[in-house]
Amino acid sequence: MTRIYFEKYDSEKDFSDYYKLLSNKEVMDMNYGRPFTMEEAKMVFNKLLKINKKHEKFGYFKIFEIDKKKLIGLAGIIIKENSIEADVQYLLFPEYWDKGYGTEVLEELLNIARKDKNIKNVIGITDPNNIASRKILLKRGFLSEKVYEIEDGSLAEKFINTLEFK
């Protein structure tokens with residue numbers, strides 16, 4: 001039984017929830033190396049809204065805990081230009097780490113991908129030192145494809161899951 005549900009980000013009224021996550025030092029240190037400034041978050045949020053308008057079923061979502069109807073994070077599934085691959089990503093508030101929520105979020109994102117028969121591969125990218133994220137990806141059938149250097153000089157690890165349709 002799942003403990004979460006998704007709601008798509010759909011308007012400016014969602015920005016404050018979005019910014020709570022992107023300005024959280026613990027969350028962002030783990031994912032981007034630092035929190036976003038208000039200006040950076042607004043710029044990224046506007047791009048997020050454009051992506052969400054472009055695709056009905058894909059995009060960025062607020063993650064809520066079913067029981068308390070409380071915001072616990074953000075999830076995204078983004079179709080690549082070739083339409084046969086999708087990138088998945090998620091951020092959770094620290095109080096939801098190490099409790100199985102990441103696994104549930106990733107499974108829900110994979111379920112969304114499986115509904116589109118054109119998507120053959122799902123990509124997940126994480127810091128190679130983020131042991132929890134690596135473990136979640138591997139547990140859900142992702143395979144490490146490569147470790148590479150990103151623009152800021154730090155390392156990223158690309159994982160790929162070749163979808164099997166249920």
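**Exercise 1. Which residue in the hairpin of β6 and β7 takes a positive phi, and how many residues lie between the strands?**

Keep in mind that you're working with a predicted model.

*Solution.* Start with the two strands. β6 covers residues 143–149 and β7 covers residues 155–162. They run antiparallel, and six bridges join them. Now go to the turn. The hairpin has five residues between its strands, and G153 is the residue with the positive phi, near 90 degrees.

**Exercise 2. Find where K69 and D98 sit, and decide whether each is buried or exposed.**

*Solution.* Take K69 to begin with. Its phi is near 50 degrees, which is positive even though the residue isn't glycine. K69 belongs to the loop that links β2 (59–65) with β3 (70–79). Its relative accessibility is 59%, and exposed means over 50%, so K69 counts as exposed.

Then do D98. Here phi is near 60 degrees, again a positive value in a residue other than glycine. D98 lies in the loop between β4 (85–92) and α4 (101–114). With 75% relative accessibility, D98 counts as exposed too.

**Exercise 3. Work out how α4 and α5 are oriented to each other, and which residues make the contact.**

*Solution.* What do you need for a helix pair? The angle between the axes and the distance between them describe two packed helices. For α4 and α5 (residues 131–139), the axes come within 10 Å and cross at roughly 45 degrees. Angles under 35 degrees would be roughly parallel, and 65 to 115 roughly perpendicular; the pair is therefore oblique. As for handedness, α4 passes α5 in a right-handed crossing.

α4 supplies G102, T103 and L106, while α5 supplies I136, L137 and K139. Sorted by class, that gives three nonpolar residues, two polar and one charged.

Conventions:
Residues are numbered from 1 along each chain as its sequence is written. This is a predicted model: local features need pLDDT of at least 70, side-chain atom pairs count only at pLDDT 80 or more; totals for chains, interfaces and linings use all residues. Side-chain values use heavy atoms; hydrogens and water are left out. Two strands pair if DSSP finds at least two bridges between them. Helices (H or I, at least four residues) and strands (E, at least two) are DSSP runs, numbered from the N terminus. Buried means under 20% relative accessible area, exposed over 50%, partly exposed in between (1.4 Å probe, protein chains only). Axes are lines fitted to C-alpha atoms, for helices over the stretch in contact, and angles run from 0 to 180 degrees between N-to-C directions. Angles under 35 degrees count as roughly parallel, over 145 as roughly antiparallel, 65 to 115 as roughly perpendicular and the rest as oblique. A crossing is left-handed if the near helix is turned anticlockwise from the far one by less than a right angle, and right-handed if clockwise. Contact means heavy atoms within 4.5 Å. Ala, Val, Leu, Ile, Met, Phe, Trp, Tyr, Cys and Pro count as nonpolar, Asp, Glu, Lys and Arg as charged, and the others, Gly among them, as polar.
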